[in-house]
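Trainee: I would like to go through this model one feature at a time. Could we begin with the pockets?

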Amino acid sequence: MRLDDLKEGSELGVLIVGADAPGLFAAAYLAHLGVGSVVIDPEYQPAIFSHATVLQARSLEILRLIGLDQQVISRGRMLGELEILHQTKSLARLQFSALPSPYPFVLSIPQASVEEVLQNHLDNQGIPVLRGVRLTSLTQQEGSPGVRVGLSLPGGKVVNIHARQVIGCDGSASKVRMLAGIPFPGTEIPLRLASLDVALDGGGGFIPQDRQQLHLHEDGWLLVNPLPCQGMFRLVLERAVPASGHDSTRPVASRKPFPLCPVEELEQLVQKRTGSPALRFTSIPVGREIVCHSRITPSFRKGHVFLAGDAAHIHTPLAGMGMNLALVDMANLAWKLALVEKGHAWPKILDSYHAERHPVVRDLAKRLVDLESFSPSLKGLARSLCDGLQRFLPNLQAIEEQGALQFSRLHVDYRESPLVRESQESLLEALFSQGPGGVGLKAWRAFRKGLHAGERIPALPWPGDSPSGRTLLDLLVDGKHHALAFAGPRADQSTLENTAQLARAIQTRGPGIGQVVPHLVVGSQSPEIPQALTEGLDLVRDQNHQLAADLGFQSSGICVIRPDGHLGFHGQPAEFDSLQEWLASIFTQ
């Protein structure tokens, strides 16, 4: 579609408002799933200054779904850890090298570079991004399909069109949110941050290019992030807030940026907080100052309107969550929207977007507010306390590992979602089902200690004749659900055949025929299964039952991985009835 094709009464499937990273990714992922969309943005050119400069491991896993992870990585800088310091003394290190992901690092990359990769991809796919188009009105009536949308085109002409679904990715001042009448409650945090890009010279001192640094100081903190261009850094530092808490020349509710303070003042602040008086700026800083807010909408959906990223929730840039959260929002919503648009799933599954993402973001917002409230407590902190932390924190390896998982967002789960299901027989049933085809107490316990429905699948090696380095995540590039039916390490011939029949039922009986890909997973030394039962199935030989053990299956069982990499169904033993009931709650046929 071109601008000339936007005429009065035009019909669209999915309209995406906002051509930043989440909006462009949403269009790319929907196209990957076979659903067309149109992206509009009021600006004629992309933003020059990048708000975000970090991609976390989870975001790279999501970009892997559409095959753009390596293009993005090639434009960035891989950072192996986040070091926390006080006056040059290291207090703790969050190591990313052990993350359970194909991307055991944080990628330093300006948001503009990510958007350029996505834009080029959309151009190659012929997916329209219409710039200079402003949203002027948005109305929907309960019980009526779709949304009536008013658009102002370049030159001022206004047209009214109809879209079945609208996704608002248009930032904290979202026009979609305001026109849909969705409130944006929250608070302004008494914290002003300066965010700037600048070249640094350490004056003979060491400025690390392979890790982030968070410098704690009695006057405030400083985050140092090496950028892909050698010698360039993104600095984010806490600035003093006026005594009143607000700038007298600025409206209280405004979130527009301030200009940076003088270069000499910024340089002195950085020298003081790093404890490096010889450090110098070797370029003119480019950036802004902002007042921080913590806000989240009470609902991420209203009828056929969905909000994502900064349109639905905003936080401070301290943890680098903005772009990353927005990409995960879109990965969660897009596959559900695609199934509904194509008529393969019930529209009610779209309610799970809010049910899954809102609690996660709400919890993170609270954590960030708590972290931000800690900053003022550093003022007046005795040096002896920091000396004590230096000796104490590095020994808490478990805390550091958990911190790395939290930072990378690999720990997020949807276990309370109405769209996932855990199915396991009772302990009493397990005790009485000993034997080759039974569950037994040991396997029952292993299942409960393993992954659960709603949790993210780790990047475990995929067994069989697959290419070297292939993982479970690589199954998901086709945009479908994948069911893994495990026969179990002690399976006899009867159990093997029953598990094969379960996989066959997924393939032929449904619901979800064509949308759920079954894989029959058996041991490398398991007895042969009649060809009639395995014909057309993906028969996977699991060497030493390693994949089964990693997923907590020591007997027969089944799990279904959703397109976004989370477990949708997790069941023991391998039975079709409970699985079919769950499939019927999602798929129409």
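Trainee: What volume does the second largest pocket have?
Mentor: This is a predicted model, in which local features need pLDDT of at least 70 and side-chain atom pairs count only at pLDDT 80 or more, while totals for chains, interfaces and linings use all residues. Residues are numbered from 1 along each chain as its sequence is written, and side-chain values use heavy atoms, with hydrogens and water left out. On a 1 Å grid over the protein atoms alone, a pocket is an open set of points with protein on both sides within 12 Å along at least five of seven lines. Points are joined across faces, edges and corners, and probe spheres set on them fill the volume, which for the second largest pocket is about 290 Å³.

Trainee: Which residues lie nearest the centre of the second largest pocket?
Mentor: A lining residue has an atom within 4 Å of a grid point. Helices (H or I, at least four residues) and strands (E, at least two) are DSSP runs, numbered from the N terminus; strands E5 (81-86), E13 (212-216), E14 (222-226) and E15 (232-239) and helix H6 (263-274) each give at least two residues to this lining. The lining has 20 residues, and those nearest the centre are Phe 206, Pro 208, Gln 213, His 215 and Ser 276.

Trainee: What is the volume of the largest cavity?
Mentor: A cavity is a set of grid points where a 1.4 Å probe fits but cannot get out. The structure has 9 cavities of 30 Å³ or more. Residues lining the largest cavity include Arg 58, Glu 61, Leu 473 and Asp 564. The space in the largest cavity is about 60 Å³.

Trainee: What share of the residues in the protein chain is buried?
Mentor: Buried means under 20% relative accessible area, exposed over 50%, and partly exposed in between, with a 1.4 Å probe and protein chains only. The chain has 16 helices and 26 strands. Of its 589 residues, the buried share is 57%.

Trainee: How many residues of H1 are buried?
Mentor: H1 reaches 16 Å from its first C-alpha to its last, close to the 16 Å expected at 1.5 Å a residue; the expected span is 1.5 Å times one less than the number of residues. Contact means heavy atoms within 4.5 Å, and the buried residues of H1 pack against elements including strand E1 (11-17), strand E2 (37-41) and H7. Just after H1, Gly 34 has a positive phi of about 90°. H1 is mostly covered, and its buried residues number 10 of 12.

Trainee: Which residue with a positive phi follows H4?
Mentor: H4 (residues 111-125) has 15 residues and reaches 21 Å, close to the expected 21 Å. Its buried residues include Val 114, Val 117, Leu 118 and Leu 122, and the buried residues of H4 pack against elements including helix H1 (21-32), helix H3 (69-74) and helix H7 (322-341). With a phi near 70°, the residue that follows H4 is Gly 126.

Trainee: Why is the pair of Tyr 103 and Phe 105 given its class?
Mentor: Rings of Phe, Tyr and Trp (its six-membered ring) pair if their centres lie within 6.5 Å; planes under 30 degrees apart count as stacked, over 60 as edge-to-face and the rest as tilted. By this rule there are 7 aromatic pairs. In the pair of Tyr 103 and Phe 105 the centres are 6.3 Å apart and the planes are at 90°, so the class is edge-to-face.

Trainee: Is Tyr 103 buried or exposed?
Mentor: Phe 105, its ring partner, has a relative accessibility of 10% and counts as buried. Tyr 103 has a relative accessible area of 2%, so Tyr 103 is buried.

Trainee: What separates the C-alpha atoms of His 358 and Phe 300?
Mentor: His 358 is in helix H8 (residues 351-374) and is buried at 8% relative accessible area. Beyond four places in sequence, His 358 touches residues including Ile 296, Phe 300 and Tyr 353, and ring pairs link Phe 300, Phe 306 and Tyr 353 into a cluster. His 358 and Phe 300 are 58 residues apart along the chain, and their C-alpha atoms are separated by 7.1 Å.

Trainee: Is Gly 186 buried or partly exposed?
Mentor: Gly 186 lies in strand E12 (residues 186-201). Leaving aside neighbours within four places in sequence, Gly 186 is in contact with Ser 294 and Arg 295. Its relative accessibility is 43%, so Gly 186 counts as partly exposed.
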